[in-house]
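Please examine the sequence and the structure before working through the solutions.

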Amino acid sequence: MARTIFNSSEKSNFILNMTEEQYSKLASYSLIGACLLVPLFTIFAECMSTSTYTIASAGLVIAGVYALIMALIALIKKYIRGGTVFPVCAFAFMLAWSVVSMLDSYEISVGMYGFSQRGEGVMAIMFYCAVFVSAAAIKVENAVDTILKCLTATGLLNSVWALIQIFTGNLSHYRMLSLDIEANAASGLAHSPLFLAELLTLSLTAALISAVRAEKSKERIIYTVISAVFGFVMMFTYTFTTIVGIALAVILTTATIFITKTAKSRLAVLIAPMAAAAAAVVIVNAGCIGNISSYRLYDGRILWWADSYMRVGTSGDFNPSVLNIDNSADVYLYLNQKGMDLASRFPLTGTGPDQLVFPQLYTFGFLDPSSDISSIVAVNQGTFDRVYNEYIYTAASRGIPSMIALIAVILSSVIISFKAMKKRKNTETSAIFMLTVCGALMFLVCCGNIAYSPVYWTIAGLGCAALRKKTVTGNN
């Protein structure tokens, strides 16, 4: 007999009588939302001249609120247990410490909602935590198919948009990478070419693993073609993140084939993205894109000039006397070092969520002190708002305790998913482990953002989940 509270009806006690199978089905919708809602809402920002990227945060809010409800149900039903408790507690601590950081920050409102058009304040971290918890509580192994399809779908959505940007230069903020470099860089619906490269790394890995595990040749061909599209588009981000991402996808897919003892002939699927990436380089070198005639990386110009300075006004222009903006290694080393310097200055609470630029400001220039903060930031040459290493960025913006908690969440997710893979040795557990590792490594060469982070935390949460083929129908 179904349980009720205070003699209320069975329908009104749906949560009380929810089975793990029912929960897993409902929670899977949060996976879909985490993958697709931010890029879908970004379409409005790209198409409407009066809109800003702030509207993309609405997608995160919708997915996040739904995930919050599912996370609360998971806690009420005690679906978080065993090895999952530690990463969930570590994430909860990271969220709590972010609140402490916000209260000790330069601007509490920015700490809560994030810098304009970035949106990675405490609210975003709370939604990431909810997505992680709701995914970690899922028990049905079919959820792996859901996340692989969602990753492929969000990659395709971004890639279709990116192809328009590449071949027309329209619907993009990255047509020009300087006053005289027209490269038609692809950002898709991920807000930045670097963020697109980061996101498509997960999508490419998911597509390749899906091709490997596909039983039907038609399905395998489809996923292989899709992976070629991803490899092609990624090269037009002109970033080091892409080079690392394609290499990771190939290595992790190869490892999946050997671990699951899949036919070695499936290694042939790896040719598609690499050949497509090579074709992209040939097209650029042939002078078919913009006004450039040789392929090269433009990380510095993209992340500093085109993105933070020109697009969202969250930094000043770069200082050419301090670093060579066309040397990617120089740019990343400089940002990493400056990020560690800020972390050493504010070791406990950091600068505040999404407020890395504030302690760097040194002048009002010709502006009145009451001017809009973005205008003030723009006149401070050499300032920056992101370190493209999530671990260093977290330490600098939210304090070293937050960085330790971040590492604890990711490391425990990797360990738990590895144990599941070692125990089961099937393509489902292998796929989640490989994607969890992939996302963790991408955090070394890029940073969190509302287009990528909800997707990764969904994967990491599934990595902690006690997945099984046979579902439970009782009231556990």
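Predicted model: local features only at pLDDT ≥ 70, side-chain atom pairs only at ≥ 80, totals over all residues.

**Exercise 1: the pair α15 and α17**

The crossing of α15 and α17 is left-handed.

Task: Determine which residues make the contact between α15 and α17, and at what angle the two helices pack.

Solution. 
1. On the α15 side, the contact is made by L406, V409, I410, S413, I416 and S417. Helix α17 contributes Y456, W457, A460, G463 and C464.
2. Helix α15 spans residues 400-424 and helix α17 spans residues 453-464. Their axes lie 7 Å apart, and the packing angle is about 50°.
3. Angles under 35 degrees count as roughly parallel and those from 65 to 115 as roughly perpendicular. Helices α15 and α17 are therefore oblique to each other.

**Exercise 2: the pair α8 and α9**

Task: State how α8 and α9 are oriented to each other, and identify the residues that meet in α8 and α9.

Solution. 
1. Helix α8 covers residues 217-235, and helix α9 covers residues 240-259. The two axes cross at roughly 155° and come within 9 Å.
2. An angle over 145 degrees counts as roughly antiparallel. Helices α8 and α9 are therefore roughly antiparallel to each other.
3. The crossing in which α8 passes α9 is left-handed.
4. From α8, the residues G231, M234 and M235 meet T242, I243, G245 and I246 of α9.
5. The residues of this contact divide into four nonpolar and three polar, and none is charged.

Definitions and conventions:
Residues numbered from 1 in each chain as written. Heavy atoms only, no water. Axes fitted to C-alpha atoms, helices over the stretch in contact; angles between N-to-C directions. Helix = DSSP H or I, 4+ residues; strand = E, 2+ residues; numbered from the N terminus. Left-handed = near helix turned anticlockwise from the far one by under 90°. Contact = heavy atoms within 4.5 Å. Nonpolar A, V, L, I, M, F, W, Y, C, P; charged D, E, K, R; others polar.
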